[in-house]
Amino acid sequence: MRCKQIKETFPDFLIGDIAQTAKVEVQKHIATCTSCREELESLSAIWTKLGVLPEEEPSKALRSRFYAMLEAYKQGLEKEKTKLRFSNLFGDWLERWWPRRPAFQFTLAVMLLVVGLAFGYFLTSGGQSNAEIAHLRQEVDSMRQLAAVSLLNQQSPSQRLKGVSWSSRVEQPNDETLRTLLRTLNSDQNINVRLATIDALYLFRDHPMVRQGLIQSLSQQTSPLVQVALIDLILEIRERQAIDALRQLIKDEKLNPDVKQRVELGIQQLS
């Protein structure tokens with residue numbers, strides 16, 4: 001099995017929800033692949049840390065706060081009935097977006113757990129454990145990137161769109177996440193996925209890999225919609241190194257007239 005396929009099975013492997021044959025394949029692969037073994041060890045360490053976190057002890061004021069919340073709930077019960085229809089609509093929306101595969105459910109569940117723990121630490125520590133909160137935020141970011149990369153490699157366009165959405169929530173993307181986004185921009189067969197990827201890459205426009213990748217992508221796009229969106233992004237970030245790529249693009253005799261006009265304008269703005 002290739003590294004990409006192996007990494008997609010890591011969440012199932014960690015929770016034991018994996019066929020014996022697949023488990024053996026993973027074990028054989030990580031025995032010879034240093035990169036995959038290190039990534040699995042890192043994920044395993046995160047999962048272990050979550051399992052050994054101490055349980056929070058309820059404070060003495062918990063009972064009074066509970067009854068206060070209960071009273072507030074009783075007072076607002078009638079108002080909540082009017083929101084029942086909205087709640088049903090939200091439930092349907094959540095069901096459509098909740099991942100079907102156990103691996104993705106595991107990833108999302110871990111992310112939500114880490115977010116909840118971070119929020120709980122912040123409330124109980126009163127801001128005294130900033131280092132722990134920062135570390136948890138890094139782990140949340142790492143899990144977001146894992147989910148984004150996994151979704152971007154799926155067959156379904158809707159799943160890949162979800163992957164783009166997850167990537168846009170990342171604060172500090174690693175090289176693998178950026179490479180996956182750029183590969184999606186260049187090779188995804190769905191125009192909507194590529195357009196969404198351009199919007200996501202805008203968030204990471206200051207990264208040198210992204211700027212260089214956007215320039216290289218100019219020669220690989222064939223859809224006028226994607227070409228115009230890509231050119232607009234390059235102009236917005238004022239990437240002057242793209243001038244040569246734009247001049248090369250305008251030489252294409254098959255270039256859409258509207259795109260050609262946009263390229264000419266872009267060259268003028270960047271020159």
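How close do the axes of helix α9 (residues 157-167) and helix α11 (residues 191-202) come, and at what angle do they cross? This is a predicted model, in which local features need pLDDT of at least 70 and side-chain atom pairs count only at pLDDT 80 or more, while totals for chains, interfaces and linings use all residues. Residues are numbered from 1 along each chain as its sequence is written, and side-chain values use heavy atoms, with hydrogens and water left out.

Two packed helices are described by the angle between their axes and the distance between the axes. The axes of α9 and α11 come within 9 Å and cross at roughly 5°, where axes are lines fitted to C-alpha atoms, for helices over the stretch in contact, and angles run from 0 to 180 degrees between N-to-C directions. The two helices are therefore roughly parallel to each other, a term for angles under 35 degrees. Helices here are DSSP runs (H or I, at least four residues), numbered from the N terminus. In the contact (heavy atoms within 4.5 Å), Pro157, Arg160, Leu161, Val164 and Ser167 of α9 meet Asn192, Val193, Ala196, Thr197 and Ala200 of α11. By class, this contact of α9 with α11 has 6 nonpolar, 3 polar and 1 charged residues; Ala, Val, Leu, Ile, Met, Phe, Trp, Tyr, Cys and Pro count as nonpolar, Asp, Glu, Lys and Arg as charged, and the others, Gly among them, as polar.

Turning to a loop, Arg238 is placed between α13 (224-236) and α14 (243-249). Phi of Arg238 is near 55°, a positive value in a residue other than glycine. Arg238 is partly exposed, with a relative accessible area of 45%, where partly exposed lies between buried, under 20%, and exposed, over 50% (1.4 Å probe, protein chains only).

Terms used:
Angles under 35 degrees count as roughly parallel, over 145 as roughly antiparallel, 65 to 115 as roughly perpendicular and the rest as oblique.
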